[in-house]
Amino acid sequence: MRIFYHLQILMRGWRFASAVALMAVLPGQLAGQWPGEISGYVTDDISGRPLGAVRVLLQPSGTVLHTSATGRFHARGLEPGSYSFTVESLGYASQELRVTVENGRVVRVNVALIPEAMDLEGIVVPVHDAEAPGSILVGRTAIEASGARTAGDVLARMAGVVVEERTRGGAQTLSIRGSGADAVLVLLDGAPLNDPITGEADLSTVPASAIEQVLVLKGGRSAWYGPGAEAGVVLITSRTALRPLSLATTLGSLGREGGRVGGGFTVGSAALGVSGEVRSIGGGFDFDLPEELGGGAGRRRNSDLNQVSAQVTMEQAVGAGELRATVGGESLDRGLPGKSFGPSNSARQDLDRLRGSASWQTATRRTSASAVAYGTWQSARYRDSAPPFGLPFDERTDLFSGGFRLSASRTLSRGLPGVVGGGLDLQRQTIDSSELSEAAPGGRTDFGVFLTSGTDLWGRGTLSVTGRAHRDGLRDAWRGTHEVALSLPVSAVAVSFTHRSAYSPPSLGDQFFREGVAVRANPNLEPERIPSEFEIAASVERGVLGGVLAVAASAYDGDVKGMIVWLPDFRFVWSPRNVDVKRSGIEASSSFELPTRGVRFSGSYSLARVTYDRPGSDTVQVAYRPRHTATGGVDLHRSAWAAGVFMRYMGARFPVPNPINALPGFWATDVSVSREVRLGAWNAELGLRVERLFDQHDTMIFAFPDPGRTLRFEVELRR
């Protein structure tokens, strides 16, 4: 791990240089007058994809700009004052916006163009993207404002989503609507992040600085994305190639240090982007042992983290479409400190991963097509020379995963359906692991084919139907799933009805984990299945009291047949088993924004009723699935200042499959404040963030202590 030592030396040097630069130039720069800039990003309002060759007319200067292939435009050297600009593109409704450029500041504007009806017959798009029921889209601007360090931090702020992190800097796994983490498929630029041993995706390995947007599609999505998407899909898109040069350094509690660099440039007709990040956490802290364990004090040890990541992105027009390729890698070394009553001072995890993906898409008035290919190599090692229970171990898993996905659609000239499409996908995994028993397979090959069709209901809504046949690579069996979506606008309210089926196969760890102390795998496990899930959703956005009010709500019902849950037997040997579960819930979110005052309020509430389907009237929630969760926040922007308060509520959890020893619900509050200043040719942002402001120590999982209040200071320079 010599690379971590040298990188930490560089971080300390960068931190010192940043502090000296700020002290030297800050007093003089604040008093000067500097031209301002407008940095814009134009996307399709439905798909969220960037739009190139969009015309931007800036007034009163009359300057005409055009967006790049990545949807970006930039106007520099602007005197402070009020500007308006018109954004126009064929097939979209033009938009006119007004912004105020202030002394030495970069005004960042995101423009989502709304497709405009054209005189063509039967143009419809099957619902499976950002407009789909149960979807949440978070773009780059919101990611930066949140102060998130990882993809898990980004998702932790979303309604109906629970992120589990058992220690600061540890693995972050995701649950949607009461699911297990292995029932949520996570794709980074089309490549799955889910581990083949556990089926879970560790979101802590993806830096937020490398993410352009995150799209969460909740509910069963197997018809579109195949197995593993039983509870939902998370689509993570890497940063676009062209972006300003930026440098950042971070210091904080728990021995937190970090630095990152990123920027974009052009080579001929190609746009290239390069980024890298290094971060470390000491992680040690004192805590109080729970009264159930006798009370007293403890010290968190072996909770350090060292992580390095890098990424290169290329975007270029190829033929009639756009090619986007990403190559990246992550390397980390961290401690696995264990529980408060069973600490492990020598357990470690090493992870090295290289990944690459390439996508090409094209669209005309009547046809669209896309192709994605990816490959991932990963090596993970878990070791403990003196575990609190059992014998020492040193296990390694090497994985190679590769695959591709092809899809196309065609709008018909007349009749029903209005659009037809389909596609296929193939994935191959090769696994070499000492964690598994000799009966475990050395790999698997999954293949799926799907067909979709949609139609416009005489201008009163749309209907789409999707079906998939998928070959299970382990059982050599075919499984079918479907999705039927009906969208009916009612006045200003968009209403949708969806019926789905989905499934998630057991992981290799569930079936073939090498038997250990009080742990035994179950090779006879069946897949988790949702044979019938129904969802109704509604959303509305309109102007109210000089601002913009957006409200969305949904209700769903879809029991899980054979949910895989690890439970003990009469000898207290833990083993996974299939358990039928009743599942239903509601979700609601709202926001109110006053753009002229720079104020935004937001809030959400989720009820996920996930109970065992046992004889009689069983109302016991599945272990560690909170029934109630909620969020609330306020964001303020004044000139060069920004501040925010974000609160999240975690409802009561049962640690066992019985209504006893419930863990009480708790609120956690985070606050942030930042200030932009001009440093010569650079814009600097100084930020302070406080997590768990009121020193809240409650955790999602019993016996995994939390340090409570922590602070983080960050300086970022952008040019």
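The questions below concern ring pairs, accessibility and contacts in this model.

This is a predicted model, in which local features need pLDDT of at least 70 and side-chain atom pairs count only at pLDDT 80 or more, while totals for chains, interfaces and linings use all residues. Residues are numbered from 1 along each chain as its sequence is written, and side-chain values use heavy atoms, with hydrogens and water left out.

Q: How many aromatic pairs does a search of the whole structure find?
A: The search finds 4 aromatic pairs. Rings of Phe, Tyr and Trp (its six-membered ring) pair if their centres lie within 6.5 Å; planes under 30 degrees apart count as stacked, over 60 as edge-to-face and the rest as tilted.

Q: Why is the pair of Phe447 and Trp478 called edge-to-face?
A: The ring centres are 6.4 Å apart and the planes stand at 85°, so the pair of Phe447 and Trp478 is edge-to-face. Phe447 belongs to strand S26 (residues 443-456) and Trp478 to strand S28 (residues 477-490), 31 residues apart. Strands (E, at least two residues) are DSSP runs, numbered from the N terminus.

Q: What makes Trp478 exposed and Phe447 partly exposed?
A: Buried means under 20% relative accessible area, exposed over 50%, and partly exposed in between (1.4 Å probe, protein chains only). Trp478 has 52% relative accessibility and therefore counts as exposed. Phe447 has a relative accessible area of 29%, so Phe447 is partly exposed.

Q: Why is the pair of Tyr649 and Trp667 called tilted?
A: The planes of Tyr649 and Trp667 lie at 45° and the centres 5.2 Å apart, so this pair is tilted. Tyr649 is in strand S36 (residues 641-650) and Trp667 in strand S37 (residues 666-679).

Q: How do you know whether Asn302 is buried or exposed?
A: Asn302 has 12% relative accessibility and therefore counts as buried. Asn302 lies in the loop between strand S19 (297-300) and strand S20 (305-318).

Q: Which backbone oxygens lie at polar-contact distance from the side chain of Asn302?
A: A polar contact is a pair of N or O atoms within 3.5 Å; within protein, one must be able to donate a hydrogen and the other to accept it, and residues adjacent in sequence count only if both atoms are side-chain atoms. The backbone oxygen of Ser344 lies 3.0 Å from a polar atom of the Asn302 side chain, and the backbone oxygen of Ala347 is reached at 2.8 Å.

Conventions: Helix = DSSP H or I, 4+ residues; strand = E, 2+ residues; numbered from the N terminus.
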